[in-house]
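This report looks at some helices of a protein chain and at what surrounds them. Please keep the sequence and the model at hand while reading.

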Amino acid sequence: MVFKCQADSYLKQYESKVVACTKAECKVENELGKLVKTKGYELELEDTILFPEGGGQPDDRGTINDVPVKRVTRKGSKALHFVTSELGIGDIVSMEIDWKRRFDHMQQHSGQHLITAIADTMFGFKTTSWDLGKSISFIELDTPAVTADQLFQIECSANKSIREGVDVIVHVTQVGSPMLQSVRARGLPDDHVGDVRIVEMKGIDTNMCCGTHVSNLSHLQCIKLLSAEKGKKGKTNLYFLAGDRILGYAGKCYANEKELTKQLKCGPEQHAEAVERSMKQLRVAQKNCTTLLRDVAVLEATIFNSKFDAGSTKLLSMHRKEGNVEFMNIISNEVSDQAFLFLTVGDEKGEGMFLICGPGNFIKDCGATLIETIVGKGQMKEFKMQGKAQKLQNREKALAVVQEYINKL
C-alpha cells in the first residue's frame, strides 16, 4: 500500500477513519531523550499522512484529534500509530503533521539520494548504508577513502543540480515490473506488501524508495559535505547537511566564532594560532603545578612524620581539592606504615578520590563502614584501600569513624 504521506509528502492535514485500536506497549522518547516503555494504543487508519519509519528515514510525529502521536511503525501493509488515548473504531479523525520534522527528513533523504547518485556516477562509489541523524547525517560509501578534491566535486555537482531546479518524480509500480530492472536498489524488505515506489531525479537517478521526498531539488536549498572519515571494514563515512540544517549549523558556528573572538581577543583568522599558544602555556603551567603538588605532598608527609615520631598524633587527615591520586600515594609512601591515613581529593561536596590506610585490623574492622559512608568503590587490601568516592560531603562522618577506632586502641 502507498500511504497518503507517500503519494503527497507536502500534505500537512488529513482526515481518515479508524480501522483498529488495540492496547499496546511501545518504547517512546521522554523529555530527556531516553527510551521509556509506555502503555497506550496502536491505531490503524484507512490511510495516513504520518510516515512510518523505513528506508533509513525515521517516523513522523504529529497529532490525531489533537492527541500526540509518539511513534509510527510499519507492519506489512499497515501503518500503526502509537498514542496514549483510546479512539473509537469507525471514528473519523483529523491528522496534523509535525511539518518541521517532516520537511527536515524530506530534505535530508532527498539530499542523500542526490549525493549517492553523484558519488556513484562520478567516481563509482557505491552507497552501502546511510543514517539520518538528529543533527548530522552520513552516507557509508564502499571505498577506503574520499579525497578532498573528490568531496569538493561531489558537493559542487549536487548544488548545481539544486540551482537547476531538477524535478523529483515518484512512480508507482508493482513487483516484477520492467521499470524495476533499471533502478538503483538493494532489494525489497522481506515483509513488503503491495505497490513499489520509484523516486526519479530527472536525468540524475532512479531509485526504489519508500520515504518522503521533495518534489523539486530546489527545495533542498543547498547541500554541504562536512567531511569524509574512515568507516568500518574499509569503507568511508561521508557526513553531510541539507537544507535548513545548514542555516542552523552556520548560525551555531557564527555564535561560537563570536564567543572565541571575545575570549581569545583576536579575529577568527587567528583563532587556531591563539588556541595553540594557550595550550602550550597551559601544558607548561600544568607541569609546574604537578611539580609543586609533589613537593607539597612530601612536605605534608615530613611535617606529619615529625608529629608522629613525637607521639602527638597517629592520624593524618587531609582533603585537597586540586590534589590527585599521585599526591595521595606520595604521602602514603612517605609516612610510617604504623600511621593512620584518611586522604581525599576532588570536590568536597561531591565526587572525588580517597586513600585510607592503617595498621592492624583497621581496614578489616572499619573498611566496609567507611566505604558505605562516602559511597566509595575501589581496591581494598590488608592495610590500605583507595578508589572513587561519590559523596565526599560525608567525609566528616567517615573521619569520626576513624577517630573513634583510634581512640579505642
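What span should the 16 residues of helix α3 have at 1.5 Å a residue? The model is a predicted one. Helix α3 covers residues 148–163 and should span 22 Å; the C-alpha atoms at its ends lie 23 Å apart, which agrees. Its buried residues are Gln 150, Leu 151, Ile 154, Glu 155, Ala 158, Asn 159, Ser 161 and Ile 162. Because these residues cover an arc of only 160 degrees around the axis, they sit on the same side of α3. Among the elements covering them are α2 (99–123), β13 (223–230) and β14 (236–242). On the face turned away from the buried side, α3 carries the exposed residues Phe 152 and Arg 163. Gly 165 follows α3 and has a positive phi, near 65 degrees.

Helix α8 can be described in the same terms. With 13 residues (395–407), α8 reaches 18 Å from its first C-alpha to its last, close to the 18 Å expected at 1.5 Å a residue. Arg 395, Ala 398, Leu 399, Val 402, Tyr 405 and Ile 406 are buried in α8. Their arc around the axis is only 120 degrees, so they lie on the same side of α8. These buried residues pack against β15 (315–320), β16 (340–346) and α7 (362–374). The face of α8 turned away from them holds the exposed residues Glu 396, Lys 397 and Asn 407.

| Helix | Residues | Expected span | End-to-end C-alpha distance |
|---|---|---|---|
| α8 | 395–407 | 18 Å | 18 Å |

The next topic is a pair of helices. Two packed helices are described by the angle between their axes and by the distance between those axes. For α5 (residues 271–309) and α6 (residues 325–334), the angle is about 30 degrees and the axes are 9 Å apart. That angle makes α5 roughly parallel to α6, since angles under 35 degrees count as such. The crossing of the pair is right-handed. Residues of α5 in contact with α6 include Thr 290, Leu 293, Ala 297 and Asn 305, and those they meet on the α6 side include Phe 327, Ile 330 and Glu 334.

Leaving aside residues up to four places away in sequence, Ser 332 touches Leu 341, Leu 355, Cys 357 and Lys 384.

Methods: Residues are numbered from 1 along each chain as its sequence is written. This is a predicted model: local features need pLDDT of at least 70, side-chain atom pairs count only at pLDDT 80 or more; totals for chains, interfaces and linings use all residues. Side-chain values use heavy atoms; hydrogens and water are left out. Helices (H or I, at least four residues) and strands (E, at least two) are DSSP runs, numbered from the N terminus. The expected span of a helix is 1.5 Å times one less than its number of residues. Buried means under 20% relative accessible area, exposed over 50%, partly exposed in between (1.4 Å probe, protein chains only). The arc is that of the directions from the helix axis to the C-beta atoms. Contact means heavy atoms within 4.5 Å. Axes are lines fitted to C-alpha atoms, for helices over the stretch in contact, and angles run from 0 to 180 degrees between N-to-C directions. Angles under 35 degrees count as roughly parallel, over 145 as roughly antiparallel, 65 to 115 as roughly perpendicular and the rest as oblique. A crossing is left-handed if the near helix is turned anticlockwise from the far one by less than a right angle, and right-handed if clockwise.
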